[in-house]
Amino acid sequence: MDGNGRWASERGLPRRDGHRAGADSVGACVEACGDLGVEFLTLYAFSSENWKRPKAEVEALMRLLEAFLKEKTGEMKEKNVRLQAIGRLDLLPASCQKRLHRAIEETSENTGLTLVLALSYGSREEIIDGIKSVVRAVREGHIDEAMIDPDLFSKHLYTRYYPDPDLLIRTSGEMRISNFLLWQISYAEIYITKKLWPDFRHDDLKEAVADYQRRHRRYGGL
Ligand code: IPE
Ligand code: MG
């Protein structure tokens with residue numbers, strides 16, 4: 001979800017206003033996914049690297065996350081959205097963690113869209129955690145080294161309960177992956193739009209999915 005800062009500076013507004021407008025795009029995209037029958041939506045909300053931003057911006061983002069969860073949990077319950085999260089969640093402020101776990105718990109029985117928030121998430125960190133988990137499993141005798149293959153490794157990642165993404169959307173025209181789901185996107189279709197995240201709404205998500213539907217996926221075959 002990139003481009004909140006640029007969206008704000010184009011308007012002479014503080015960056016946090018861009019993040020606030022970006023939160024409205026989250027609502028719009030969740031709704032569009034519901035309409036389309038999308039089963040999983042993963043949003044890269046805060047990366048491991050985002051901790052390097054100025055303290056005031058990190059704090060504003062954390063406050064926004066907490067307010068978003070507080071405000072939207074009821075709506076998610078009502079709209080059959082199941083909230084999940086991946087990343088080093090233990091690094092989030094305690095009050096955020098509390099809200100997050102509460103929202104996850106309260107929506108755990110829902111059967112519609114699974115909304116996965118990537119928070120304090122970095123793909124390389126996830127892969128390293130996955131390697132440690134496999135090593136532990138071998139050392140404890142639960143698995144044999146010869147059993148390690150892509151399917152088994154996938155089961156040691158934060159995303160073990162979710163399928164690999166079919167479509168990766170990047171806003172604000174940046175042509176990079178930025179440490180997001182590196183393992184999982186091996187065969188994802190990539191859609192890059194110049195639109196800044198706060199401008200990316202319902203119809204933009206539908207257009208991205210329509211574009212995806214016109215692709216011919218071959219997975220290395222013919
Ligand atoms: C993405 O927008 C929001 C988060 C990282 C949470 P940016 O803050 O990266 O916006 P730009 O890239 O400065 O425009
Ligand atoms: Mg950015």
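**Ground rules**

I number residues from 1 along each chain as its sequence is written, and chains are lettered from A and ligands numbered from 1 in the order in which they are written. As the model is predicted, local features need pLDDT of at least 70, side-chain atom pairs count only at pLDDT 80 or more, and totals for chains, interfaces and linings use all residues; side-chain values use heavy atoms, with hydrogens and water left out.

**Entry 1: ligand 1**

I looked up what surrounds ligand 1, taking a residue as near if one of its heavy atoms lies within 4 Å. The shell holds Met1, Asp2, Gly3, Asn4, Gly5, Arg6, Arg15, His19, Ala45, Asn50, Arg53 and Leu61. By type I get three nonpolar, five polar and four charged residues. Here Ala, Val, Leu, Ile, Met, Phe, Trp, Tyr, Cys and Pro count as nonpolar, Asp, Glu, Lys and Arg as charged, and the others, Gly among them, as polar.

Next I went through polar contacts, meaning pairs of N or O atoms within 3.5 Å; within protein, one must be able to donate a hydrogen and the other to accept it, and residues adjacent in sequence count only if both atoms are side-chain atoms. A polar side-chain atom of Arg15 sits 2.8 Å from a ligand 1 oxygen. For Asn4, a polar backbone atom is 3.1 Å from an oxygen of ligand 1, and for Gly3 a backbone N or O atom is at 3.4 Å from one.

How much of ligand 1 does the protein bury? Alone, ligand 1 exposes 390 Å², and the protein buries 86% of that (Shrake-Rupley method, 1.4 Å probe; for residues, only the protein chains shown count as cover).

Helix H1 (4-10) and helix H2 (15-36) are the elements giving two or more residues to this shell. H1 has the largest share, with three residues. Helices (H or I, at least four residues) and strands (E, at least two) are DSSP runs, numbered from the N terminus.

**Entry 2: strands**

I traced an open sheet of three strands in the order E1-E3-E2, with parallel pairing; two strands pair if DSSP finds at least two bridges between them. Strands E1 (40-47) and E2 (82-86) are the edges, each pairing on one side only. E2 and strand E3 (residues 114-121) are joined by five bridges, and Ile86 stands opposite Ala118 in E3.

I then checked strand E4 (residues 167-170), which runs parallel to E5 and is joined to it by four bridges. Leu168 has Ile190 of E5 as its bridge partner. In E5 (residues 189-192), Glu189 and Tyr191 make the covered face, Ile190 and Ile192 the uncovered one.

**Entry 3: loop residues**

The Ser186 side chain reaches the backbone oxygen of Trp183 at 2.9 Å. Ser186 and Asp166 are 20 residues apart in sequence and 9.6 Å apart in space, C-alpha to C-alpha.

Ser178, in the loop between E4 and E5, has a positive phi of about 55° and is partly exposed at 32%. Asn80 lies in the loop between helix H3 (55-78) and E2. Its phi is positive, near 65°, and Asn80 is partly exposed at 29%.

Technical notes
Buried < 20%, exposed > 50% of the residue type's maximum accessible area, 1.4 Å probe, protein only.
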